[in-house]
Amino acid sequence: MPPHPCESCHTSRAQILRPSTGIRLCAPCFTLAFETETAATITSSSLFHPGERIAIGASGGKDSTVLASVLQTLNTRYSWGLELVLLSIDEGIAGYRDHSLEAVKRNAEVLGLPLKILGYEELYGWSMDAVVAQVGRKGNCTYCGVFRRQALDRGAAVLGVRHVVTGHNADDVAETVVMNLLRGDLARLGRGTSLVTGTGGTGGEGGFASVKRSKPLMWAYGKEIVMYAHHKRLDYFSTECIYSPEAFRGSARTLIKNLERIRPESILDVVRSGIDMARLVPGAGGEGGSGSQRVEAIPRDAEDDTGGGCSGGNGEDAGGEMARVEETLRLNERAEEEGTETEIRLPAKAVNGQRHDRDGLHTGPPAAALPATVNGQNHDRHTHTPDIAVVPIRTKQEKKSGRKTAGDKLLPRQRLGQCERCGYLSSQAVCKACMLLEGLNKARPRTGIEVRGAGG
Amino acid sequence: MTGPPKTRRDNVAVDDSLCRRCQTNAPTITVRTEPLCSPCFNKYVSTKIIKRMESFRVRHAEAGHERVLLLPLSLRVCSIVLLHILSQHLRTQGEKSGRTGYRLHVLYVEDGKGEASVASELFELAKQRYPEHTYSTRPLSDALALPGMQEVLRPHQATTQASTTTTSSSSDLSTILAKLTSATSRTDLHQLLLRKLVVHCAQSHTCEAILWADSTTRLAERTLAETAKGRAFTLPSLTTDGEAPLGVLLYYPMRDLLRKEILSYTSLVSPDLEGLILEEKPRPAVSTRDTSIDELMKQYFSSVEREYPSIVANVVRTTGKLLVERVGEGVEGRCELCDVVLRGHAPERSRLCFGCIRILQGLEAGG
């Protein structure tokens, strides 16, 4: 790069061309700008309160390493008085976590922060390697995601912390937006762009699962995070999980990468679009709201919290997931079309009865994670057994009014309760992790003494 | 058994070597895994479009005072097919009830992309083949003469200067487009001006609605492209049937058909429609830095459309479920370029939305 003066201090030579702004800066000015912007995200949304205990989800990868470093810096610089602690999860995948865990340990020392490492084996009695040995490579990512989500919350509970921060960056959020558009997942489209989720309330409201989650690096470019880590000489170890990548996220990731090449600002534009769309999701309750500040205790499942090298999701092979969704959608379309060819009306009672079924159908088997959410209600409406001969056809009037006025009814509300076994926040009687574990444990061959950790 | 089985529940074994619907003819095309014969495919395409024209049935119209609907004809596949099918529809309406539910005004906008002579020939052919409609053409540069355009696009040029009236506006347009360095900005501005002009024409010809020929595939592309440009909030109002965000009702009768299905249709009609269609320039296979965002999405969805057509349709359906932003009329300021409501989608005291700011950033930089 031909010598340019830094556009901020006008003294040093510029070493960096910021992808987000196109401005040329020297390294110190860049890191300062990065830190200041992160601080702005935090203060403008009052993300932390003074003296708060915060657990940083540390995977050893670049995002969480930068996050920890920046938070430490800002905490000191602005005297926020935060108590920071590093929380790391060991999935028990040989050769994957080992190196990143070492990196986390080194970081903890350098930053002078306490570190807690929690393993799946310790928490659930099953490491990911053991899970894969048992169930193979189909659906293994579901287990990992569910377990990780609970692990972070349980870890937070162990540490007595009500707020966990993760290193999700703008690229991640943009990918999620695109992915949810491709999958037609309105519900997650409404949630994926929130800066904060969860309430951080006390044990009474859903136990330790109402832990607050936020992503302070939400507006930071992945590229700039790499640059920051480089110039601050931060120690990290990024890996991709060896178990399969998810088709939709992979497709979304390629699209985002290509978009970035054409127009780097488009990543932020996608995020902004996602936030706008979230407000327009029916039943989201965010109409007219101030964007990303909804702090309802929204129960989420595993797929909301992928990160740390995991491409996340259902662990099907690349073509598999998209083909499966395609199949489901096609059957729905066919059913709908055939329904309209025979105009038969059901008596009013049956229509209401059918609505009931629709809500009830949501407690599906845990392993079939995806189908229940594809298309939201449409899927369930058309899961007809051979006995139900017809599907009630809504006239054009009903369809139109259905869309415009009954906005909230389009997404069935999930009721919040607690898992019978472990007390975790769940919309079902038994939470997903407990259900998965039950399945695993039943099939497990007896091999001597098992030491079971805490929890269901 | 009398007649072909209409639903699967009739428990008749389906013969896969015959058309799935009529079970009589041999199939000539596979539509989303269903083999169909030409007549049934024909019916499939027409039905999907006519279903969307519910509000313009004969019973809803007064004799002699039929509503006029504007059909912007880009001379590409989708708009030609739409013209053909709607002409058929009107003919059928006329035969059945002696009058029609609506009239069509067909508009061609010359976009100065150098295809003008070929395009005008094709336009003449269309006029000859469907003489029952009214036709008009406008050059895209007319959009620059619309209120507010000069101020927005050339703010440094004083409006009292004589040069703005004497220089031809078409060279103005090419100058402006040439000044934009990114392909995305050029395509974006082009589309915005086109839409503005079409809306203006619809209003000046007192058309009640505009019938856009966008296919499912095109709408999916648009969803992703506008999302990538930060304009996702406009999607519900600009892709839902029956909304009037810009002052005129907008309809998308072809929204249930994939582009490849529409393409197949052209060869199954006789005489075929291929002679009326303006060919697309061949597109690069791989995206480069010079590709526009719209082009990127086109490439993406043409490959998704091949393997996973229902996913494409689902993207459009999902967007269709988003609520349309309701804003008080006249209270809020509107973007001077794209007419969207500014509140929440623009920086403080700006006259342009974020998306349009991006376009004009290229302009002010002077290339």
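Is A:D129 buried, partly exposed or exposed? With a relative accessibility of 26%, A:D129 counts as partly exposed, where partly exposed covers the range between buried (under 20% relative accessible area) and exposed (over 50%), computed with a 1.4 Å probe and protein chains only.

## Basis of the model

This is a predicted model, in which local features need pLDDT of at least 70 and side-chain atom pairs count only at pLDDT 80 or more, while totals for chains, interfaces and linings use all residues. Residues are numbered from 1 along each chain as its sequence is written, chains are lettered from A and ligands numbered from 1 in the order in which they are written, and side-chain values use heavy atoms, with hydrogens and water left out.

## Chain A overall

Chain A has 16 helices and ten strands. Helices (H or I, at least four residues) and strands (E, at least two) are DSSP runs, numbered from the N terminus. Of the 456 residues in chain A, 55% are buried.

Taking the contacts in chain A between residues at least 6 apart in sequence, 72% join residues at least 24 apart, a contact being heavy atoms within 4.5 Å.

A:Q72 sits in helix α2 (residues 62-78) of chain A. Its relative accessible area is 19%, so A:Q72 is buried. Apart from neighbours within four places in sequence, A:Q72 is in contact with A:L84, A:L111 and A:L113.

A:D129 belongs to helix α5 (residues 128-135) of chain A. Eleven residues separate A:D129 from A:N140 in sequence, and their C-alpha to C-alpha separation is 9.7 Å.

## Salt bridges

Over all chains, the whole structure holds 38 salt bridges, each defined as a side-chain nitrogen of Lys or Arg within 4 Å of a carboxyl oxygen of Asp or Glu. One of them joins the side chains of A:R213 and A:D153, at 3.3 Å from N to O. A:R213 is in strand β8 (residues 212-214) of chain A and A:D153 in helix α6 (residues 140-159) of chain A, so this pair ties together parts 60 residues apart in sequence. Both A:R213 and A:D153 are buried.

In chain B, the closest N and O atoms of the salt bridge between B:R57 and B:E54 are 3.4 Å apart. B:R57 is partly exposed at 31% relative accessibility, and B:E54 is partly exposed at 30%. A further salt bridge pairs the side chains of B:R67 and B:E208 (2.9 Å, N to O). This pair links distant parts of the chain, 141 residues apart: B:R67 is in strand β3 (residues 67-72) of chain B, and B:E208 is in the loop between α7 (183-204) and β6 (209-211) of chain B. B:E208 is partly exposed, its relative accessible area being 30%. Salt bridges with shared partners also connect B:D188, B:E226, B:K229, B:R231 and B:D294 in one network.

## A negative patch on chain B

B:D272, B:E274, B:E279 and B:E280 form a negative surface patch. Patches are made of residues with over 30% relative accessible area and no salt bridge, like charges being joined within 9 Å and nonpolar side chains (Val, Leu, Ile, Met, Phe, Trp, Tyr) within 5 Å. Asp and Glu count as negative and Lys and Arg as positive, with His and the chain ends not counted; a charge is placed at NZ of Lys, CZ of Arg, CG of Asp or CD of Glu.

B:E279 lies in the loop between α10 (259-268) and α11 (293-307) of chain B. B:E279 counts as exposed because its relative accessibility is 61%.

Definitions and conventions: Areas by Shrake-Rupley, 256 points an atom, 1.4 Å probe, with all protein chains shown as cover.
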